[in-house]
Every structure is written in C-alpha cells, then in structure tokens.
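Visitor: Please take me through this model term by term. For each label, I want the value, the cut-off and the conclusion.

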Amino acid sequence: MNAAFIFDVVLAALVFTIATWIIAARDAFSAVVGFVAYGLLLALVWVELSAIDVALTEAAIGSGVTGMLLLGAASRLRKTEPTAVSVGLPMRLLAAVLCALIAAALGFLVLFPPGTIFTLAPDAMAHLPETGLRNPVAGVLFVYRAFDTLLEKVVLVLALVGVWSLALDRFWGGIPGLPVFEQPNTVLTLLSQLLPPLGIVVGIYMFWTGANNPGGAFQGGTVLAAMWILVMIAGLQHMPSTDRRMLRLLVVLGPAIFLVIGLLGFALAGSFLAYPPGYAKPLIIIAEAALTVSIGVTLGLLAAGPPERMARR
Amino acid sequence: MASILIGAACFVLAATALGLLRILRGPADADRMMAAQLLGTGGVAALILLAVAVRTPAIVDVALMLALLAAFASVAFVSSASRSRDKAPPATDPR
Amino acid sequence: MSAVTLFGLCGPALVGLGLFGLITNPQPLRKIIAFNLLGTGTFLLFGVIARRGAAAGLGGDPVPQALVITGIVVAFAATAMAIALLLRLFQESGAASLDSSGPNDASEATDPS
Amino acid sequence: MTLALNIFTALAVFAGTFFFLAGTVGLLRFPDALTRLHALTKADNLGLGLVVLGLLPRVEWPFGAFKLISVWLLVQLSGAIVAQLIADFVRREEPHA
C-alpha cells in the first residue's frame, strides 16, 4: 500500500462519485458543472494510465470546450426543465438491472482478461525510427493509422456542415449565435487581450512538441479554438459570417493537404498515405501544421453553433 | 520524497474535491461554478506534484493546458447566463 | 488489486451509469451528458487495455491510446451536433417555453446595430 | 544540502496544501457568494504558489522552472479575472448582496 496507490484509489472514488452525481442531479446545470469537474479528473486518470497524449486531449476538449457547449445549452434550456416527464419506477428498476448487468459483464472481462495479452507496442516502436518521429502515439495517428485520422478530420467537417444546416434557411451563411458578453466589461477584455497570445504560443508548442513528446495537432488546435472563442465572447472580434470564403477554406485546408499528401503516396511510395522514405517527418509536420489550423477553426465554429442572424451588408 | 509529493497531491485533490459539495448545496449557479474553479486549481497542483514525483516533465504540459483553459468554463458560464437572464424577463429589466 | 484494475473497474461502472442516465433521464440535454459519460467509460476500458499492453519501454500500447484521442474528438463533434439539434428542436416545438433567443423574429430585432 | 532541499520542498508543499484546505473550508462554510469567492483566491495565489515554490529546485533548469512559473502565473491571471467576473455577475443577479 504505497502513496501512489492511495492516490489512484482516491481518484477512482472521486470519478465514480461525480459520475453518479451527474446522473442523479436534479437540475441540468448542476449536472453540467459536475461534468466539467469530471473531465478535469479524467485528465488525471489518463496521466495515471501513462497516456499523457490522451490526458492533454481530455483536458482541452473534455472539460474545456465540451463544458462550454453544455453550459451554454443548459442556460438556454433552463426554463424548459419542469415540463419534462420523468420515467416510472418499474422502468427505472428494469433499466438499473440491465445497466448493472452490462457493467458487471464488462467488469468481468477486466478482472479475467484472456490469457495472452495482445500488444502492438513493440511493433509500433520497432518501425518508429523509419518515420523520424519519436512520439509513438503521433506515429500511430499519422503513419500506421493515417487513414483513420484523415477520416476523423472529414467527420469534423461533416459535423460542422451538419450544425450549419440546422440554421433557418434564411440564416444560411449568416453569423453563429455564440453568446457574446454584452455588458462592456473591462476585466474580460483584459483577459482576452492577455490570454490569447500566450494560448497561441502554447498551441504552437503543443503541435511542435507533438512529434517527439506528448502533444500534437488535436491538442494544439483545441487550444487555438478556445482562444478564438474567448476573443469572440469578449466582443473584441466579431464572429465571422459563415459564408466567408476564407473561413471555409481554413476549415477544409487541413484535410485537403492531408489528402493531397496521401494521394502523392500513390506516385512516390506505392500506396495511399504512404510516405517516401526519408520524407515522412517533413510531410507529417506539413500535414499537422495545416490540421492544427483547421482543427482550431472547425472546433471553434462547432462550439459557436449554427448561424442565427445575417451579416449587415 | 516521491511519496511525500504524491501524498500531498492526494491531499490537495481530496480537499478541493470536497469543495464540490457546493455543487450539491448551491444555492446559486455562481457558487457551483466556483467549486469547479477550485477543483481546477487543485487539479493543476496535483498534476505538477505528480510530474515531479514520477519524474515525467510532460505531465507539466497537462497542467499548463488546464491552467490555460481554467478561466474558460467560467467565462462561458457568465456570458451565457447573463445573456439568457437579460433577454428572458423584459418586465424586470429597467431598460 | 492494482491501480490498472481499479480504473479498469471504473470504466464499466461509468458505462453502466451512463447507460442508466441515457435510458431513464427525460431531458434531452441530460441524455447527451449521460451519453458522454458512457463514452468516457468506454475510453477508460481502452486505456486499461493500452496500459496492460505496456512493452518496449512504453507506458502503454500506443494504438488504443491513439484510438481514444480520435474517439474524444469525434465525441466532441457528435456532442456539438446533438446540442445544435436540441436547441433547434426547442426553437421549433417549444418556442413559448424557451427564452427569446429562440424565435427568429426576436433575434433579428435584437441584432446589435 | 539535499536534506535542506528536501525540508524546504516538504515545508513549502505542506504550507501550500494547507491553503487548498483553507480554500475548501471557506467555500463550504462562508455565508454568501462574495465571501466564498474570497476563499477561492487564496487557493489560487498561495496554495498553488507555495507548491510551485517548493517544486522549483527539483525541475530542470531553465525550461522546467519556466513552465512551472507560467502555470502559476496563468492560474493567477485566470483566477483573478474569474473572481471579478463572478462577483460582477453575482452583484447584478442579487443587488442586495
């Protein structure tokens, strides 16, 4: 029984307690605040599971940007709460039994895993020097499973198209309805003047260090998105109209460059998304740089929601 | 030394998480938000203590990320809450 | 019991809790939160599988870890989409019970000039 | 030398954890939102500050130390501004508080 184990026990107990609270809370706002706290603790769990890349992603997305989305939705929907009909007791009991069974089955698998433990870590490490990268997770994301990563970027763009198409017809291409702080507030102005320069440095650092240390395009892009949203909430910069060509270009820039590099693989290395020997790292850095910008813009626009008014011409 | 640091991380985490009881009690949304803010600072402290204890400097990057986004949730809360309040009951608004 | 097993049991518990919330909670926003909880439980299971596959000097198998990163980003995209859908649903169906940012004419009227 | 260093770290870190506890106690026990806010800032300033101070001699120089100090400064900045924002919000919410 050492200190590290006690820490893990405390952490696991906290995660479980807060999760229960999120489900049991009476009003939605409490559940959302619980979820922000939960995302934070989950980042600590990922550190304890030696997955620092994941911890960075969870810290940025899980509690940061998702928290913002949920908080915005909770305060908009506040007045609709009492009208919701709750589920009857027999149904609740049935659901509880079902969910407990599923949890127990999964737990059984954790406690009694199959005899041989399957791992790709040695293979991943064995071929990593060929790529020039030193962060194995970046290697998986951009070399071994690059196709997944490319499709994931496409999913982000599709989600954005989906969110935009929820706007009323006459607001298509208009300005997203991000809640802008209306009272002139000097403190918030100060924060959004001081923080974004630092945030941009951290974002670029995350992207740059990602080749060799935990970090990468997702984490960097999320920080950029958060800083952009902050500046817009404070009203220092107006939310851009979604029909701006530049904006749309930035959204597809990353996936497009990644796709071009992938197609070049046919000509130079014999298959889709293959890198010619010796050029893997520079190509990955180019793709990641473009992706960082695109992820930043796309996540920011996703968080800002569908267009709700038109730009004045 | 490592155990002392991890012990301290454990203590900070437990102490600030206890503050989450404010989410239960409320009474106002602002109080609930404060509890999350405190846990954020506690999480940052626990992370840097862990980073030094297990000698993994990359963990400090996670703390840096949390510190950078620490204000984010609260800013989003204040801006969206004041917007829905300002627009909801026009009668109570003197303007 | 090791720390990995501990978090390994946390994962299924979160899946169970999330699923329960998803089924029993009547409010759509709470369902979205519960679904996110379910997702994080699944991610934790991946994390435990990764940690158990620690080899070659790594703290964990990088393949499941990379999958989780992809998963977190996609989960965010799905959540953003779900919330946009939900807000639009209330605009359409419950305009009376929603604040004035819902109906279209109101948002035009308050357009800052 | 190592012993002195260890004692320094331990003392600073313990002092820091005390302020975190104080912050929580304040958050739970103080009567209204504005006084609770007061408790919160103590954890940001002194709690994290002392923890960072205690850990400074144990990290790589200069980048490790620079990062630790930036973490503290960032939390200071956000903490101070969030406190202002929430106080402003609370005052407008309930003008008598």
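This is a predicted model: local features need pLDDT of at least 70, side-chain atom pairs count only at pLDDT 80 or more; totals for chains, interfaces and linings use all residues.

Visitor: Why is Ser50(A) called partly exposed?

Guide: Ser50(A) has 19 other C-beta atoms within 10 Å. A residue is buried if 20 or more other C-beta atoms, placed from the backbone, lie within 10 Å of its own, exposed if 12 or fewer, and partly exposed in between. The value 19 falls in between, so Ser50(A) is partly exposed. Ser50(A) also has a positive phi of about 55 degrees, although it is not a glycine.

Visitor: Is Arg55(B) buried or exposed, and what decides it?

Guide: Arg55(B) has 11 C-beta neighbours inside 10 Å and therefore counts as exposed. Its phi is near 55 degrees, a positive value in a residue other than glycine, and its place is in the loop between helix H3 (29-53) and H4 of chain B.

Visitor: How many residues of H1(B) are buried?

Guide: 14 of its 17 residues are buried, which makes H1(B) mostly covered.

Visitor: How do you know that the length of helix H1 (residues 2-18) of chain B agrees with what a helix should span?

Guide: The expected span is 1.5 Å times one less than the number of residues. For the 17 residues of H1(B) that gives 24 Å, and the end C-alpha atoms are 24 Å apart, so the two agree.

Visitor: Why are H4(B) and H3(D) called roughly parallel?

Guide: The axes of helix H4 (residues 58-68) of chain B and helix H3 (residues 63-93) of chain D cross at roughly 20 degrees and come within 8 Å. Axes are lines fitted to C-alpha atoms, for helices over the stretch in contact, and angles run from 0 to 180 degrees between N-to-C directions. Angles under 35 degrees count as roughly parallel, over 145 as roughly antiparallel, 65 to 115 as roughly perpendicular and the rest as oblique. H4(B) and H3(D) are therefore roughly parallel.

Visitor: Which residues of H4(B) and H3(D) meet?

Guide: Val60(B), Ala63(B), Leu64(B), Ala67(B) and Leu68(B) meet Lys67(D), Leu68(D), Ser70(D), Val71(D), Leu74(D) and Val75(D). Two residues are in contact if their C-beta atoms, placed from the backbone, lie within 7 Å. Ala, Val, Leu, Ile, Met, Phe, Trp, Tyr, Cys and Pro count as nonpolar, Asp, Glu, Lys and Arg as charged, and the others, Gly among them, as polar.

Visitor: What makes H2(A) roughly parallel to H2(C)?

Guide: Helix H2 (residues 28-48) of chain A and helix H2 (residues 28-52) of chain C pack at an angle of about 10 degrees, with their axes 11 Å apart. That angle makes H2(A) roughly parallel to H2(C). Among the contact residues are Phe35(A) and Trp46(A) of H2(A), and Ile33(C) and Leu44(C) of H2(C). The contact divides into 10 nonpolar, two polar and one charged.

Visitor: Which chains share the most contacts?

Guide: Chains A and C do, of the five pairs of chains in contact. There, 74 residues of chain C are in contact with 87 residues of chain A. H3(C) gives the most to the side of chain C that touches chain A, with 22 residues.

Visitor: How many residues does the contact take from chain D and from chain A?

Guide: Five residues come from chain D and six from chain A.

Visitor: Where are the closest C-alpha atoms of chain C and chain D?

Guide: They lie 17 Å apart, and no contact joins the two chains.

Definitions and conventions:
Residues are numbered from 1 along each chain as its sequence is written. Chains are lettered from A and ligands numbered from 1 in the order in which they are written. Helices (H or I, at least four residues) and strands (E, at least two) are DSSP runs, numbered from the N terminus.
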